[in-house]
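Here are some notes for a first look at this model. Please keep the structure open while reading.

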Amino acid sequence: MSGEKTLVTPPAVTVPDRESALEGAMPQGPTSRTRSLNDRGATTPPGLTGDWDRIHAMLRFVRDHTTAGALSAVLPPSAHPTVRDILTRHTRFDHGALLVFADPPESALADLAERGLQARALVPSTVVRSRLAKRYAVPAEELPVMITHVNVPKATEHALELFVLSALNMTARRIIDDERANQYEAHLAFRVTDPDERLLELVWDAIARQLRFTADGSGFNPHQGPSGCTVTYFQGPGRLPLPYGWPRRLEITADGHHPKILRRHRRLMMSIS
């Protein structure tokens, strides 16, 4: 999922107070805050200032949806009842995810904490970084994407996943507007309840073969969970209904390393590339 910058000390910029967009459920913003602009005059101050509307929308979704509700939102209306049954029985809604921008990335954690949102330590991304590198034709090493998971008030079984890329990264500058406008990396993730190879393949077949969703990246991230996790991404047609409007993308995640399903997923990607 940059080089070190020399900061100057221009006049402080006071960011207005924010009210929580989730009435009674999400934390209030700080009473005030002071930030300095970076030395290149960028308009994105430290923290997640440019992404809070998107974050609040995903927080609402995660808070308000069960596994069945999240599947109903992300699957097309034409999805066969058998597919819905397989996914409902063998997966659970795990998180909603967004790509956001902060400089430095660590300031995102402080920004979340100021609003009463508890986030885990940042860990490196592998799959999203590779996908961004391919989409924008840049070397992956120029995109130091980090991941954090955020606890969502009143949603004890679901989380918010944020992929954080430095807004000071010169390569990221052309990604920011594109992602904020189109939300290519927004997705809903479902965890296989029993990471048995047979069940994992059953779930994968339901999405790839029966739904005919497009393979959209995969990998093993050793940094997530005690035994790492295997992730496969899929892209469906169109977007979620308003007010969300995210791409019809879903992630299937399973604890541990599952090279067999990763090989199948990569073969599917190669067949359509």
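Helices (H or I, at least four residues) and strands (E, at least two) are DSSP runs, numbered from the N terminus. This is a predicted model: local features need pLDDT of at least 70, side-chain atom pairs count only at pLDDT 80 or more, and totals for chains, interfaces and linings use all residues. Residues are numbered from 1 along each chain as its sequence is written, and side-chain values use heavy atoms, with hydrogens and water left out.

1. Start with the rings. Rings of Phe, Tyr and Trp (its six-membered ring) pair if their centres lie within 6.5 Å; planes under 30 degrees apart count as stacked, over 60 as edge-to-face and the rest as tilted. The structure holds 6 aromatic pairs. One of them joins phenylalanine 61 and phenylalanine 93, edge-to-face, at 6.1 Å centre to centre and 90° between the planes. Phenylalanine 61 lies in helix α1 (residues 52-64) and phenylalanine 93 in strand β3 (residues 91-102), so this pair ties together parts 32 residues apart in sequence.

2. Phenylalanine 61 also pairs with tryptophan 246. Their ring centres are 5.4 Å apart and their planes at 75°, so this pair is edge-to-face. Tryptophan 246 lies in the loop between β9 (229-239) and β10 (247-255) and phenylalanine 61 in helix α1, so the parts tied together are 185 residues apart in sequence.

3. Phenylalanine 61 and phenylalanine 93 are both buried. The relative accessible area of phenylalanine 61 is 0%. Tryptophan 246 counts as buried at 3%. Ring pairs link Phe61, Phe93, Phe190, Tyr244 and Trp246 into a cluster.

4. Next, a charge over a ring (NZ of Lys or CZ of Arg within 6 Å of the ring centre and within 35 degrees of the ring normal). Arginine 131 lies over the face of tyrosine 233, at 4.2 Å from the ring centre.

5. Now the backbone. Most residues other than glycine have a negative phi, and most peptide bonds are trans. The bond from aspartate 103 to proline 104 is cis, with omega near -5°. Proline 104 lies in the loop between β3 and α4 (106-114). The bond from leucine 242 to proline 243 is also cis, with omega near 20°. Proline 243 lies in the loop between β9 and β10.

6. Arginine 212 sits in the loop between α7 (197-210) and β8 (214-221). At 70% relative accessibility, arginine 212 counts as exposed.

Key
Buried < 20%, exposed > 50% of the residue type's maximum accessible area, 1.4 Å probe, protein only.
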